[in-house]
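Let's take a friendly walk through one protein model. Have a look at the structure below, and then we will go through its parts together.

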Amino acid sequence: MPGPSRGRPVRRPLSVRGPAPRRRRGGNSRVRLATGRLLLVGALLLAGIKLVQVQGFQAEALSAQAQQQRATPIDIPAPRGSILDRNGNQLAFSVEARALYVVPPRMRQEWAAAQEANPDIGTYQERLADIAAFIEQTLGKEVAGQKTDRDTMLAKLSRDTTYVELVDNVDPAKAAVITEKYNNVGSEYRAVRVYPNGELASNIIGAANWRKDTEPPATHGLLGLEIAQDNLLAGRNGQRIVDTVQGNDNVVIPGPNRSRELAAAVPGKSLELTLDVDTQYALQRMVTDYTRKTSARSGSAVVMDSRTGEILAMANDKTFDPNDFGRAGEDQLRNIAVTSVFEPGSVNKVVTAATAIEDGIYQPDSVLQVDGRIKVADRVIQDWWQHGPLDMTFTGVFAKSSNVGTLLTAQKIGQDRYADMLRRFGLGERTGSGLPGEEAGYVPPLQQWSGSTFGNLPIGQGLSMTLLQMTGMYQAIANDGVRIAPRIVRAEVSADGGRKEIDPAETERVVSPQTAKAVRDMFRAVVQNVPGDQVESGTGAPAALPGYQISGKTGTAQQIDPKCDCYSTSQYWITFAGILPADNPRFVVGIMLDNPTGNPQSAAPLFHDVASYLAQRYQLPMSAEQSPVVPLVR
């Protein structure tokens with residue numbers, strides 16, 4: 001192995017020549033590198049600690065905060081109950097529907113993101129045009145009076161606003177077709193209130209519609225029983241959590257899986273009314289036709305079950321279609337059978353007749369000497385026909401509707417007793433029927449009676465009542481002297497079919513059964529007709545119905561003339577109250593006409609038509625014998 005050469009100088013490699021200076025620089029670099037590494041490790045350590053804190057200790061709180069920013073609890077409206085007649089026929093019910101809507105800012109945002117991912121999908125406006133065309137294709141050009149053609153929909157979709165309702169009252173199945181194809185289109189629950197019989201009983205039923213100004217939006221009553229029984233029909237709201245544009249906003253973000261139920265809604269109860277839809281239809285048609293025929297300002301009638309006080313039918317000549325109630329005038333919306341009061345005239349004479357029989361003052365065949373006029377305090381009151389002194393039977397006084405004979409009897413009764421009997425017959429207070437807007441009528445307090453007051457009240461002037469109150473007076477006579485508060489609601493029916501009968505109505509004995517029968521028998525003579533003998537014929541002969549005993553009373557009352565604040569000599573209330581059949585009462589009918597100017601100026605013919613229908617509809621057995629012809633004047 002050769003050794004080093006000793007004769008030549010040794011050369012140092014270039015790499016050995018300057019290591020000292022680089023060694024000095026390398027020392028500083030290592031310090032900086034170590035420091036940087038320490039700082040990086042520290043930063044990573046702090047970040048790790050923060051990450052652990054966020055994901056571990058604060059995860060639940062931050063998640064809840066995020067949810068609060070995008071989730072909102074909202075109420076779910078309960079399905080509204082139906083309104084039924086006594087046989088289960090639907091008079092009002094709700095149909096589920098949908099409203100379609102969009103949230104334009106979110107649509108633009110989502111479409112912009114989609115375009116960024118796929119520039120070939122088309123423009124935002126082309127997307128809107130596709131949606132508009134599909135809505136028209138699915139719904140047609142109109143839904144429930146709302147335009148849904150392509151141009152209309154495109155105009156709505158293009159609005160620069162936070163929320164746009166496109167159309168409501170859409171069939172749920174069709175709405176689902178649209179929202180499944182375009183998840184930017186949202187669908188909200190709606191309910192459409194349907195009245196399948198249109199104007200039938202609308203003055204009683206009233207109207208309801210979808211209200212957006214309530215919380216939550218839901219169907220609520222506006223008129224009639226729909227508003228009077230709103231709480232029962234409406235049910236109890238449920239609740240759900242939805243994703244919204246803002247946490248406190250009810251604009252729900254369209255799309256699937258954005259809603260979860262917290263509590264289910266409890267459906268409203270249905271109302272079973274005492275009405276019979278067929279009887280209601282017949283009465284409404286007859287009242288409308290007869291009011292028009294007699295040129296009366298208005299007309300109304302009530303049919304009541306004499307044994308239960310249930311209202312089988314209640315009709316006014318003016319009514320409305322609750323499916324489109326916004327077009328109805330004020331007169332059409334009112335139920336004048338309970339909201340309008342009038343002076344009843346001679347129909348009120350039943351109070352005098354019943355009290356005199358009850359107190360033993362007269363019997364039906366008792367004879368009174370009746371002049372053609374009588375003075376009461378400062379007033380002179382006449383009979384409606386000219387006559388001198390007559391010997392009239394007590395039955396004849398009412399069959400001929402003698403004012404003088406009635407007042408002679410009332411004087412024997414006395415004011416205190418008469419005032420008490422007015423109360424017993426239910427006058428001066430609401431009947432408690434359950435019908436909204438019912439008036440109480442007016443009976444002057446006894447302490448305010450003047451000398452002439454007792455010359456007015458017994459003949460049906462100076463006090464007022466509703467048609468339902470008037471009918472209720474005769475229900476007491478038909479029901480053997482027991483007055484039953486009339487009612488319109490028969491039962492409540494739950495969503496599962498459970499039926500709860502309404503508690504029996506309040507009752508009050510007005511007179512004894514014997515007195516009630518005596519009055520019924522006396523008032524048969526009101527419809528008595530003796531051909532060729534007007535003296536022995538009653539004032540309501542056209543009300544008679546062959547084969548049946550009829551008991552009733554005609555009434556004519558002067559209206560107040562506002563020009564003089566006195567009784568008019570040309571404007572009248574025309575009334576009739578009747579019992580069918582008189583020998584075995586089943587129905588009571590009350591009729592009121594406001595100032596009929598045509599012919600006939602009597603409500604008796606209308607009663608005949610109504611009674612004829614009732615006898616056939618309910619297959620009433622004929623009376624065992626016809627009403628006897630009794631003497632009215634001796």
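Two strands pair if DSSP finds at least two bridges between them. The strands themselves (E, at least two residues) and the helices (H or I, at least four residues) are DSSP runs, numbered from the N terminus. What you see is a predicted model, in which local features need pLDDT of at least 70 and side-chain atom pairs count only at pLDDT 80 or more, while totals for chains, interfaces and linings use all residues. Residues are numbered from 1 along each chain as its sequence is written, and side-chain values use heavy atoms, with hydrogens and water left out.

**A hairpin to start with**

Find strand β16 (residues 373-376) and strand β17 (residues 379-382), which pair in the antiparallel sense over four bridges. In this pairing, R373 has Q382 of β17 as its bridge partner. Two residues sit between the strands of the hairpin, and A377 takes a positive phi near 55°.

**The whole protein**

Now step back. The protein has 20 helices and 25 strands. Of its 634 residues, 50% are buried, where buried means under 20% relative accessible area, exposed means over 50%, and partly exposed lies in between (1.4 Å probe, protein chains only). Contact means heavy atoms within 4.5 Å. Among contacts between residues at least 6 apart in sequence, 72% join residues at least 24 apart.

**A five-strand sheet**

An open sheet of five strands runs in the order β14-β13-β25-β24-β23, with antiparallel pairing. Its edge strands are β14 (311-316) and β23 (551-561), each of which pairs on one side only. On average, neighbouring strands of this sheet are turned by 10° against each other, direction ignored. For such angles, axes are lines fitted to C-alpha atoms (for helices over the stretch in contact), and angles run from 0 to 180 degrees between N-to-C directions.

How many bridges join β23 to strand β24? There are 10, and these two strands run antiparallel, with β24 covering residues 566-580. G552 stands opposite G578 in β24. Helix α18 (residues 467-478) packs on the sheet, touching β13 (298-305), β14, β23, β24 and β25 (587-594), and its direction makes about 150° with that of β25. Helix α20 also packs on the sheet, where it touches β13, β24 and β25; the direction of α20 makes about 20° with that of β24.

**Helices that pack on each other**

Two packed helices are described by the angle between their axes and the distance between the axes.

| Helix pair | Angle | Axis distance |
|---|---|---|
| α13 (residues 349-358) and α15 (residues 403-413) | roughly 50° | within 10 Å |
| α10 (residues 277-293) and α20 (residues 604-617) | about 160° | 11 Å |
| α3 (residues 104-117) and α4 (residues 124-139) | roughly 120° | within 10 Å |

Angles under 35 degrees count as roughly parallel, over 145 as roughly antiparallel, 65 to 115 as roughly perpendicular and the rest as oblique. So α13 is oblique to α15, α10 and α20 are roughly antiparallel to each other, and α3 and α4 are oblique to each other.

A crossing is left-handed if the near helix is turned anticlockwise from the far one by less than a right angle, and right-handed if clockwise. The crossing of α13 and α15 is left-handed, while α10 passes α20 in a right-handed crossing. For α3 and α4, the crossing is right-handed. The residues that make this contact are P104, M107, R108, W111 and Q115 of α3 and Y124, R127, L128 and I131 of α4.

Where α13 meets α15, the residues K349, T352, T355 and A356 face N403, T406, T409, A410 and I413 in contact.

**One disulfide**

A disulfide is a covalent bond between the sulfur atoms of two cysteines. Here it is identified as a pair of cysteine sulfur atoms within 2.5 Å, and a search of the whole structure finds one. C564 and C566 form this disulfide, with their sulfur atoms 1.9 Å apart. The link of C564 and C566 is left-handed, with -75° about the S-S bond.

**A loop residue**

Finally, find Q447 in the loop between α16 (415-424) and α17 (453-456). Q447 counts as exposed because its relative accessibility is 69%. Q447 and D416 are 31 residues apart in sequence and 9.9 Å apart in space, C-alpha to C-alpha.
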